[in-house]
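User: Got a model here that I'd like to go through with you. Can we start with confidence and then look at contacts?

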Amino acid sequence: MFPRPSDPVSKDDLDQLTPEQAHVVRKLKRVSLVSGLIMALGVASVLGVIGYRMMRGKAVVAGDVTATLPKGARIVSTAVADRLLVVTLDVAGTPEVRTYDLSTLAPVGRLTFATAP
């Protein structure tokens, strides 16, 4: 009476089903369609992210770079953290931290410290 899962359900078979069974079959088809669309959207998203990362421009490689420091400044320490080059300076007795992008050596930020009056 019921077709095997590999056999498609024809219109004649649907006419032989009770209304409740036909409703379940229609509902199952709808759920399968929604599930397939969600899966296709997920695959398309993953492929889109992979394509974006492959086609994204490469970073400019830094060549010889000379960073200018304030007069009288001396380098206290250097460190590398999270794609950044961190340089600690002593500028006339006041500490200062400068950060540079590690791939391009472009200045990213500057942190100065001052004493409160």
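User: What does the chain average in pLDDT?
Analyst: This is a predicted model, and the chain averages a pLDDT of 84. Of the residues, 82% score at least 70.

User: Where is confidence lowest, and where highest?
Analyst: Helix H1 (residues 11–16) is lowest, with a mean of 67. The highest is H2, at 92. Where pLDDT is low, the predicted coordinates should not be read in detail.

User: OK, salt bridges. How many in the whole structure?
Analyst: Three. One of them pairs Arg 74 with Asp 90, the closest N and O atoms being 3.7 Å apart. Arg 74 is in strand S1 (residues 73–81) and Asp 90 in strand S2 (residues 84–91), 16 residues apart.

User: And which residue forms a salt bridge with Arg 98?
Analyst: Glu 96, with 2.6 Å between the closest N and O atoms. Both residues are buried.

User: What about Arg 110, which side chain does it meet?
Analyst: Also Glu 96, at 3.2 Å from N to O. Arg 110 lies in strand S4 (residues 107–112) and Glu 96 in strand S3 (residues 94–101), so this pair ties together parts 14 residues apart in sequence.

User: Is Arg 110 buried or exposed?
Analyst: Exposed, because its relative accessibility is 60%. Glu 96 has a relative accessible area of 6%, so Glu 96 is buried.

User: Switching topic: which residues form the nonpolar patch on the surface?
Analyst: Met 39, Val 43, Val 46, Leu 47, Ile 50, Met 54 and Met 55, with about 800 Å² of accessible area together.

User: Where is Met 55 placed?
Analyst: In helix H2 (residues 19–55). Met 55 counts as exposed, at 72% relative accessibility.

How values were computed. Residues numbered from 1 in each chain as written. Predicted model: local features only at pLDDT ≥ 70, side-chain atom pairs only at ≥ 80, totals over all residues. Heavy atoms only, no water. Patch = residues over 30% accessible without salt bridge, like charges linked within 9 Å, V, L, I, M, F, W, Y side chains within 5 Å. Areas by Shrake-Rupley, 256 points an atom, 1.4 Å probe, with all protein chains shown as cover. Salt bridge = Lys/Arg side-chain N within 4 Å of Asp/Glu carboxyl O. Helix = DSSP H or I, 4+ residues; strand = E, 2+ residues; numbered from the N terminus. Buried < 20%, exposed > 50% of the residue type's maximum accessible area, 1.4 Å probe, protein only. pLDDT = per-residue confidence, 0-100.
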